[in-house]
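Student: Hey, can we go through this one together? I'd like to pick it apart bit by bit.
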Amino acid sequence: MTDLVLTVTCPTRRGIVAAVSGYLAEQSCNITDSAQFDDQDNGRFFMRIRFVSEGGATAESLREGFEELAGSFDMTWAIHSPDQRMRVLLMVSNFGHCLNDLLYRWKIGALPIDIVGVVSNHMTYQKVVVNHDIPFHHIRVTRENKPEAEARLLALIDETGTDLVVLARYMQVLSDAFCRRMAGRIINIHHSFLPSFKGANPYKQAHERGVKLIGATAHYVTPDLDEGPIIEQDTVRVTHAQSAADYVSLGRDVEAAVLARAIHAHIHHRAFLNGAKTVVFPASPGDHASERMG
């Protein structure tokens, strides 16, 4: 039996679910998990179905047979094999909590990805990365060499067949052209406060203002800095009795957990772009790790 995932996005109309489930039944496929969402604000329909091919149909034959149905509904769609791991390139600067967390989850199998390399504009984590038998790439970035640095990065993405780039606290701003070229394939993590604090020492600023909630946001990267479609968020409460150092420590924990959950959603094809926001379906029973990890 072959375990597969079908993802569908299309204009909303009557009969989509019936047509898709009917096709799978005709091909001797058994649906093990299904999630769908009809966005009535913009008339878009989203669906993720996990199913088992019990009659010998392969992913390729199912794709060929699905073409006509997909065309009749104007679908953007794909059939994925959960066993085919995404190739992920991690990027980091001088804050290593997210990198270390991802390496640990990858090592124990909680995050089923193939890490094709780690890119950094510093040498801080070279030894950590190499000790995991992962290629480390130092790409120094300055105001003068930024176009050349991004060209090296794009070449590396092409050479490694990277499916997803993860900014695990990478502190360089990517160009608009790079963001557009990699649309839907870059995930970033950053802290979240209310009110918002930008610039140096945001946790110190938050402590001085008596913030009661520290949060983190993982999102797809767009040319609009830190304003891309949100995939995952979380918060942790703090009190007046805690120090700025406590804020930093708690912030690192929530950032690492939120980033891991966002990557988990993306690699299992549960996150769908929907204009300036996303549709993110819950983890299905067949996914390799639970939504509650971290």
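Student: Is Arg-169 buried or exposed?
Tutor: Arg-169 is buried, with a relative accessible area of 11%. Buried means under 20% relative accessible area and exposed means over 50%, with partly exposed in between (1.4 Å probe, protein chains only). By the way, this is a predicted model: local features need pLDDT of at least 70, side-chain atom pairs count only at pLDDT 80 or more, and totals for chains, interfaces and linings use all residues. Residues are numbered from 1 along each chain as its sequence is written, and side-chain values use heavy atoms, leaving out hydrogens and water.
Student: Where is Arg-169 found?
Tutor: In the loop between E8 and helix H6 (176-181). Helices (H or I, at least four residues) and strands (E, at least two) are DSSP runs, numbered from the N terminus. Arg-169 also has a positive phi of about 65°, though it is not a glycine.
Student: And what about Asp-74, buried or exposed?
Tutor: Asp-74 is exposed, at 54% relative accessible area. Its phi is positive too, about 55°.
Student: New topic: what order do the strands of the open sheet have?
Tutor: E7-E6-E5-E8-E9-E10-E11, 7 strands with mixed pairing. Two strands pair if DSSP finds at least two bridges between them. The edge strands, E7 (136-138) and E11 (230-237), each pair on one side only.
Student: How many bridges join E5 to E8?
Tutor: There are 4, and the two strands run parallel. Met-91 has Leu-167 in E8 as its bridge partner.
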